[in-house]
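Here's a protein complex to explore. Take a look at the chains first, and then we'll walk through them together.

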Amino acid sequence: MKKVKTWLPGVLLLLPSILLVLVFVYGLIGRNIASSFDRVETKSGRLVSEGGLANYATLLGSERYQHALWNLLVLTVVFVVGAMFFGLLWAILLEKGVTGEGAFRSIYLFPMAVSFIASGVVWRWLMSPGTGDYEAVGLNRLLIELGLPQLQNSWWSSDSRFNMAAMAIPAVWQLAGYVMALFLAGFRGITTDQREAARMDGASEWKIYRHVLFPQLSPIALSALIIMGHMSLKMFDLIYAIAGQNSYVSEVPATLMWLQLFNLNDPVAAAVNATILLLLVALVVVPYLVYTNRTEKAGR
Amino acid sequence: MMSTATVDTVEKIVPRKKKVGGKKLALTGTQYLLLVFFAAIVLMPLYVVVVTSLKSPAEYTSLTAWSLPRQLSGAGWAAAWEALAPAMLRSMVLAVSAAVLSSFLGSLNGYVFSKLRFPGATLIFTLFLFGMFIPYQAIMIPLQSLMIDVQSTAQWLAGIPTLIIAHTIYGIPICTLIFRNYYATALPDEIVEAARVDGAGTLRIFRSIVLPVSAPAFVVTLIWQFTSAWNDFLFALFLTNRNTGPVTYALQELASAQNPDYSRMMAGVLIASLPTLIVYIALGKYFVSGLMSGSVK
Amino acid sequence: MDRRQFLIGLGAASAVGVVGLAGCGTDEETPGTEPTTTGEGPVEGGAGGTVGVFTWWAEGSEKLGLDELESLFKEKYPNNTFENLAVAGGAGSNAKAKLAADLQNGNPPDSFQGHAGAELMDYIDADQIVPVNDVIEELGGASVFPQNLLDRITIDGDIYSVPSNVHRANVVWANPKVLADAGAAEVPADLDSWISDMQKVKDSGVETPITIGGTWTQVHLFETILMAELGVDEYNGLFTGGSWDSDGVKSAVSKYAQIIEFANTASDGDDWPAATDAVIEGRAAYNVMGDWAVAQFASKDQVDGEDYTYFPVPGSDGVFDFLADSFTLPNGAPNPEGAKDWLRLVGSAEGQLAFNLAKGSIPARTDVAADEFPAYQQSAMESFGADAIASSIAHGAAVNMAWLSEISTAMSKFYSGREEETLVSDLVAAAETYGA
């Protein structure tokens, strides 16, 4: 009884937040899932959605959705690998403390402070698809001026199954600095003693990284991977700002959902799409949450 | 455990000669070269934005977009400010209110989760955390219709108040996480325990012991919530319109205006980004630690 | 007098004030008294009450046009109070959702704006708007609106909106200097000679003889080529069960493919003015755009006939590719009689003159005097009275929004892949899913 007395007031303090999260996160998720199973027929008798699991089958089977999933896959792979690679590289270049470290760190990190809309407006112009002296704008124009005209391309507008790789460029630009900051904090958390010890033993720099530093960074790498991965799955603003409201070649589930709602007048398909997106994110995040929960308990 | 194992491995490595000074210098040389090269690439978009914003609309051509302006012009800035000013104000109200509200709730929750362990706390905390990761698309359709319903009886809620509610609620998870982690290390259990033994109630402890030491965590969550509310577009797109929306909405409209005036557009990008950039430059250190706590520890 | 009555009195008083200012309070009714509504036909001075009108016309020339209508409405129907529910369009999904929710919850505005034609299908399907045959009839029906326009906006025997203004979509805007230099000054008679003119222009050193913008401008260009190739009857038939798999469609697709080869590189989100500017600057010879482009030329001080010329897309001479804004009567409108007063005004010769002069479009009625309009509009009004009428795909007259979205997707896919057969089969599939 006495125990209850100590925690009950705490739970009461928590109650408003619990209720808000319950209603606005889980309640609304529930409503969304429920409406994804709706059967919709217009008053004139046209069947818009069959209802039940058939709604899911319809969306998953549609060529347009599969194309959006493919785009998402290309975007995610290039973005996550790119952000991790540059983030780690920059962190390694900076971690031992170079003169002007603060300035470099700020430069690499500043895109993070800018909204996807603001950067999207700029990258939309930078990645204009025209090539050649007559038409080149943005990056293609810069490449001509730098004497590298052969590198010009149509970026995300190009005719390639992998066009979304170009859409990952601004995303990497924006978030590689974040990954760098995570890794830098990780490096800083490793005591110099450990390095010194290894160095005294005559280990080469590479070996020190390989055997002393990297293993200790793996939890941070995992965090970074999860954060980048789930951001990529949700990415909407950037694509919307760069490619406009209705762009098939750069369509991903998140942008398709918007069109389903307001252009295709099919809110049920939009709800199905959103539910699948949630499942994809959960697939990435839930194991991770369980894992951190366990390690935290083990650490206590 | 893990670290001793690695040290063991290292010990097995065949000893090598230490590097000579010259080689180390060369390495620092390439290091700097690389750092400067990457910095130039990262700054490249900023360069073109600044340069374009200072050209007169007539001077902008795609041929000369990368050159410095021949003549400085404030026309783009003036035009962009005129278009964005009302939305800037709305964004300011939104970002400040949402940051304060969610930080306050976060500190309450962080305190409870870190000091008053109750049955089911871990489960509830994990459920909170998942709320941080959900794609907002998954709640957007019902949220939109809920808000439209509510606004039909409480019209004053339309626009920024609606966004304040949304950002406050969906900011609760991350703020809770930051405060919980902060209190777990910065606020010894003994102090809280001692106060309780002295007969202080939970709220009293929060007010007179927890809050006074919370400033560092507040700085982090305030900055974090301010920037994410300022930079949000998805909620703005679904829950507001051009006349009531924040600056990201206004900027998107400005940029997709039918007659592209690039100096105005690029000046608009800078104006809309200035508040978060200022926060970032002035309080960069806290900003970084805010980012750090974005990763679940 | 309680507080509420006081406020109502105040509202009526201020309405009278406005009328007084307009100086046309012809019908001196006592403020606040309820005029008798019969539900049949117009009431002199208006049916009374508030009339809330939802539009996307919140700025620019569109707002000017709406302002004109608003003051005329107050003048002609002093018993009614106009409530402007304009919301800026653009990306305003929230506004769209709000309208959709209001309609669904039985809380509609008294009238809202939409493209005349198939775009209204979703509302009709959901029983959210009702026919306005009586208002059209009362306005004069086929004696003032072209019969072939009425045919195009009649859905299952009923007309669901009153058109306020008309735009023409099948117009080629050209730079005569570029054409003269290339030796292609003569207006081509059909698509094939147009294509060979493009070759001439290209040979003269202009790398992009024709310009395009993002996806919707490509749909726009394609629809004009489609109607040039098929002829107006077969084109209009595409939306009432006609075949999208015909040789005509296939050859239109292949001509479109040839034309696109002469075009600039665009990305999906690009808008139209940049494409028009290229013609003004002489970097291109042709741009196909709706007649709102005339404002773009005017804004850059271009002289009609000297700096720019215009002609119907070759092969579509004698066809008027139309799109129109129009006003509806929602099912369950709070003040249907007041809404009808609004529709009567929108459809009247007087309303159409005032609105279209301000907006820069042309009246849907044929009995509005042309001499007050600028040169381009005069020529468009003449064709509108005489030409066969085709419905625009890109602007919601021919297909509903979902169908349009699928066609846009197919065009965007074609733009990057350039596979003619895929485009045809995508168009066929879209028609099967969403067509009649």
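This is a predicted model: local features need pLDDT of at least 70, side-chain atom pairs count only at pLDDT 80 or more; totals for chains, interfaces and linings use all residues.

Taken as a whole, chain C has a mean pLDDT of 86, with 89% of its residues at 70 or more. For the complex, the predictor gives an ipTM of 0.91 and a pTM of 0.87.

## Chain A and what its record says

Now over to chain A. Its UniProt record, an unreviewed entry, has a "transmembrane region" annotation on residues 7-29, 68-94, 106-126, 164-187, 208-228 and 268-291. What does the model show for residues 164-187 of chain A? That span is 100% helix and 0% strand, and its end C-alpha atoms sit 33 Å apart. Residues 268-291 of chain A are also 100% helix and 0% strand, with 34 Å between the end C-alpha atoms.

The unreviewed UniProt entry also has the annotation "domain: ABC transmembrane type-1", which covers residues 69-289 of chain A. In the model, that span is 74% helix and 0% strand. Its end C-alpha atoms lie 25 Å apart.

## Where chains A and B meet

How many residues does each chain bring to the contact? Chain A brings 80 residues and chain B brings 70 residues. On the side of chain A that touches chain B, the largest share comes from helix H1 (residues 2-36) of chain A, which supplies 17 residues. Sort that side of chain A by type and you get 57 nonpolar residues, 16 polar and seven charged.

Is Trp90(A) buried or exposed? Count the other C-beta atoms within 10 Å and you get 27; the cut-off for buried is 20 or more, so Trp90(A) is buried. Setting aside neighbours within four places in sequence, Trp90(A) is in contact with Tyr108(A), Ala176(A) and Met180(A), and with Phe38(B) from chain B. Trp90(A) and Phe104(A) are 14 residues apart in sequence, and their C-alpha atoms are 9.2 Å apart in space.

## Inside chain C

Chain C has 18 helices and 12 strands. Of its 436 residues, 54% count as buried. Take the contacts in chain C with a separation of 6 or more: 78% of them join residues 24 or more positions apart.

Chain C is split into domain 1 (49-165 + 324-380) and domain 2 (171-315 + 400-434). Their C-alpha centres lie 29 Å apart, and the contact between them takes eight residues from each domain. On the domain 1 side, the elements giving two or more residues are helix H4 (121-125) and helix H16 (375-386) of chain C. H16(C) gives the most, with three residues. By type, the domain 1 side has five nonpolar residues, one polar and two charged.

Look for Ala397(C) in the loop between strand S12 (388-391) and helix H17 (401-417) of chain C. Ala397(C) is buried, because 28 other C-beta atoms lie within 10 Å of its own. Not counting residues up to four places away in sequence, Ala397(C) touches several others, including His115(C), Arg152(C), Phe322(C) and Ser391(C). Now find Ala180(C), which is 217 residues from Ala397(C) along the chain. The C-alpha atoms of these two are separated by 36 Å.

## The largest nonpolar core

The largest nonpolar core has 314 residues. Which members touch the most others? They are Leu75(A), Val179(A), Leu251(B), Val269(B), Ile225(C) and Ala285(C). Helix H8 (residues 164-189) of chain A gives the most to this core, with 16 residues. Domain 1 and domain 2 of chain C both give residues to this core, so it lies between them.

Zoom in on Ile225(C) to finish. Leaving out residues up to four places away in sequence, Ile225(C) touches Leu191(C), Ala252(C), Lys255(C), Tyr256(C), Ile259(C) and Val313(C).

Key. Residues are numbered from 1 along each chain as its sequence is written. Chains are lettered from A and ligands numbered from 1 in the order in which they are written. Two residues are in contact if their C-beta atoms, placed from the backbone, lie within 7 Å. Helices (H or I, at least four residues) and strands (E, at least two) are DSSP runs, numbered from the N terminus. Ala, Val, Leu, Ile, Met, Phe, Trp, Tyr, Cys and Pro count as nonpolar, Asp, Glu, Lys and Arg as charged, and the others, Gly among them, as polar. A residue is buried if 20 or more other C-beta atoms lie within 10 Å of its own, exposed if 12 or fewer, and partly exposed in between; C-beta atoms are placed from the backbone. A nonpolar core is a set of buried Ala, Val, Leu, Ile, Met, Phe, Trp, Tyr and Cys residues joined through C-beta atoms within 7 Å. Domain bounds come from an automatic or database domain assignment. pLDDT is the predictor's confidence in each residue, from 0 to 100. UniProt positions are given in the numbering used here, feature names are shortened, and annotations may be inferred rather than shown by experiment.
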